Amino acid sequence: MTEKNKCKCGLLSCEAVNAKDGDNRFVLKALPYGEDALEPHISGRTLAYHYGKHLAAYIDNLNKLKTGTPFENLPLHEIAAKATGGLFNNAAQTFNHYFYFEALQGNGEGQPGERTRQLLEESFGSVEQFKEQFTQAGATLFGSGWVWLVLADGKLKIEALANAGTPLTAGEYPVLTMDVWEHAYYLDTQNARAKYIEHFWKVVDWAKVEERIACF
Ligand code: MN
């Protein structure tokens, strides 16, 4: 992992994500945009539940489960990388969600930045081929999970991981993720995950992906 300060926790917003209250509890950081900012692609109602209820619950459970363990004072990414069982599930889900929401935006569909485009072309042939493979990985992941774009050995690769799966456990650092748990889209598109994935591409914040890649 990079020693560059900016991405030292695997996220661009390390300090806010690792902020604690007086009782050594992680605190839900503010959503980086308005709850309605991703409409019409992802509704304010979905964000209210997904960020304000689901993510908040993972953080609450993480705080309960880490208390009195050797993980108590570790930063979020280290707990997610090293813990097991329920503590892993809740720490990884907290990291994964912050990572997902950090690279969404509602200012219109964007395009990959220069370095991102170059790496996507080298790794997948073209940006379109990458998007097809990433979409396919999301559509075919059985049950709940996450699709990741990971930078490893100078190449980008796609990983589809079930449940709370996160590249942190393999010592890898991602540059983009897509949540394919039903709670990410059920209020908007019900069972139609493919429709949600179409919407996802409209709200990817490619500038954040470019910034993450610059960390390595
Ligand atoms: Mn989720």
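**Reading the features**

Author: Pro40 lies in the loop between helix 1 and helix 2, where helices (H or I, at least four residues) and strands (E, at least two) are DSSP runs numbered from the N terminus. The model is predicted, and local features need pLDDT of at least 70, side-chain atom pairs count only at pLDDT 80 or more, while totals for chains, interfaces and linings use all residues. Residues are numbered from 1 along each chain as its sequence is written, and side-chain values use heavy atoms, with hydrogens and water left out.

Reader: Which residue does a cis peptide bond join to Pro40?

Author: Most residues other than glycine have a negative phi, and most peptide bonds are trans. Here a cis bond joins Glu39 to Pro40, with omega at about 5°.

Reader: Where does Asn24 lie, and is it buried or exposed, or partly exposed?

Author: Asn24 belongs to the loop between helix 1 and helix 2, and its phi is near 65°, a positive value in a residue other than glycine. Its relative accessibility is 24%, so Asn24 counts as partly exposed; the scheme calls a residue buried under 20% relative accessible area, exposed over 50% and partly exposed in between, with a 1.4 Å probe and protein chains only. Asn163, in the loop between strand 2 and strand 3, also carries a positive phi, of about 55°, although it is not a glycine, and at 46% relative accessibility Asn163 counts as partly exposed.

Reader: What is Leu28 in contact with, leaving aside its neighbours within four places in sequence?

Author: Contact is counted when heavy atoms come within 4.5 Å. With those neighbours left aside, Leu28 touches Tyr51, Leu55, Ala56, Ile59 and Tyr98. Leu28 is found in the loop between helix 1 (14-17) and helix 2 (44-66), and its C-alpha atom is separated by 7.0 Å from that of Ile59, although the two are 31 residues apart along the chain. The relative accessible area of Leu28 is 33%, which makes it partly exposed.

Reader: Which atoms coordinate the manganese ion?

Author: Donors are N, O and S atoms within 2.8 Å of the metal (3.2 Å for Na, K and Ca), and water is not among the atoms, so sites may look incomplete. In this model His50 (NE2), His97 (NE2), Asp179 (OD) and His183 (NE2) coordinate the manganese ion at 1.9 to 2.1 Å, and along the chain these donors follow the spacing H-x46-H-x81-D-x3-H.

Reader: Which backbone oxygen does the side chain of Arg212 reach?

Author: A polar contact is a pair of N or O atoms within 3.5 Å; within protein, one must be able to donate a hydrogen and the other to accept it, and residues adjacent in sequence count only if both atoms are side-chain atoms. The side chain of Arg212 reaches the backbone oxygen of Phe99 at 2.8 Å. Arg212 sits in helix 9 (residues 206-213) and, with a relative accessible area of 2%, is buried. Likewise, a polar side-chain atom of His199, in helix 8 (residues 193-203), lies 3.1 Å from the backbone oxygen of His41.

Reader: What is the order of the three strands in the open sheet?

Author: Strands of a sheet pair through backbone hydrogen bonds, either parallel or antiparallel. Two strands are said to pair if DSSP finds at least two bridges between them. The order here is 2-1-3, with antiparallel pairing, and the edge strands, strand 2 (155-162) and strand 3, each pair on one side only. Strand 1 (residues 145-152) and strand 2 pair over eight bridges, with Trp146 opposite Leu161, whereas six bridges join strand 1 to strand 3, where Val150 has Pro174 as its bridge partner. Strand 3 is mostly covered, seven of its seven residues being buried.
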